[in-house]
Amino acid sequence: MEFLSEYLDLTIFGILGLMSFTVVWLSIERWLFMRALSLPDYQNFDRLTVDLTKHLTTISSIGANAPYVGLLGTVAGILLTFYQIGQSGNVEVGAIMSGLALALKATALGLLVAIPTLMIYNALTRKVEVTQALWRADRDTRQGSQAHYEKV
C-alpha cells in the first residue's frame, strides 16, 4: 500500500498527461496533413481514405479510454483511503471526505482529457468526410468531361 500511496497520483496523472500530449501531437499532425492535402494527387479513393484516417483510431481510443484511466485512479484512491482509515482505527468523517474528494480529482482529469479529445476527433472525422465528398465530386466532374470529349 505504501507504493500505491506514494505513486498513485503520479502514475494516473502521468498516464493522462501522456495521453493528452499524444492527442495534441496527432491532432496537429492531422491538421497540417489535411491542410497540405492535394486531391488531384490521389487516383484511388481507398488510398485517400487510408491517408485521411491515419491516427484517428488512436485519437478516438484515447478519448474513449481517458475517463476509465481517471476512474481507475479514483477507485484506487478510495481503496487507499479506506485502507488508511482501517489501519488507523479512527473513523472520522472529515478524513473520509477528504480522501474521497482527493480521489475524485483523477476522474475529473480523465474527463478533462476525454471531452476535448472527442471534440477534436469529431472535427477531424467531419473533415475526412468533406474531403472524401470533394474527391468524389472532382472525380465525377473529370469523368463527365472525359465522356463529353469521347463523344465529340
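Helices (H or I, at least four residues) and strands (E, at least two) are runs assigned by DSSP and numbered from the N terminus. With that in mind, the protein reads along its sequence as the pattern α-α-α-α, and its radius of gyration is 25 Å, well over the 15 Å that the globule rule gives for 152 residues, so the protein is more spread out than a compact globule. The radius of gyration here is taken over C-alpha atoms, and the globule rule is 2.2 Å times the number of residues to the power 0.38. In keeping with the pattern, the protein has four helices and zero strands, and its C-alpha atoms fill a box of roughly 95 × 20 × 20 Å, taken along the principal axes.

This is a predicted model, in which local features need a pLDDT of at least 70 and side-chain atom pairs count only at pLDDT 80 or more, while totals for chains, interfaces and linings use all residues. Residues are numbered from 1 along each chain as its sequence is written, and side-chain values use heavy atoms, with hydrogens and water left out. The predictor's confidence in each residue is called pLDDT and runs from 0 to 100; the protein averages 90, and 97% of the residues score at least 70. Confidence is lowest in helix H4 (residues 93-151), at a mean of 89, and highest in helix H2 (residues 45-52), at 96.

A residue is called buried under 20% relative accessible area, exposed over 50%, and partly exposed in between (1.4 Å probe, protein chains only). By this rule, 27% of the 152 residues of the protein count as buried.

Contact means heavy atoms within 4.5 Å. Among contacts between residues at least 6 apart in sequence, 82% join residues at least 24 apart.

Leu 52 lies in helix H2 and is buried, with a relative accessible area of 0%. Leaving aside residues up to four places away in sequence, Leu 52 touches Arg 30, Phe 33, Met 34, Leu 37, Val 128, Thr 131 and Gln 132. The C-alpha atoms of Leu 52 and Arg 30 are separated by 8.0 Å, although these residues are 22 residues apart along the chain.

Ser 27, placed in helix H1 (residues 2-36), is also buried, with a relative accessible area of 12%, and, again not counting residues up to four places away in sequence, Ser 27 touches Ile 59 and Ile 120.

Other residues are partly exposed. Asn 65, in helix H3, counts as partly exposed at 37% relative accessibility, and Asn 65 and Met 19 are 46 residues apart in sequence but 9.5 Å apart in space, C-alpha to C-alpha. Thr 125, in helix H4, is partly exposed at 22%, and its C-alpha atom is separated by 11 Å from that of Lys 54, 71 residues away along the chain.

Finally, consider the backbone in a loop. Most residues other than glycine have a negative phi. His 55, found in the loop between H2 and helix H3 (56-88), has a positive phi of about 75 degrees although it is not a glycine, and His 55 is partly exposed, with a relative accessible area of 29%.
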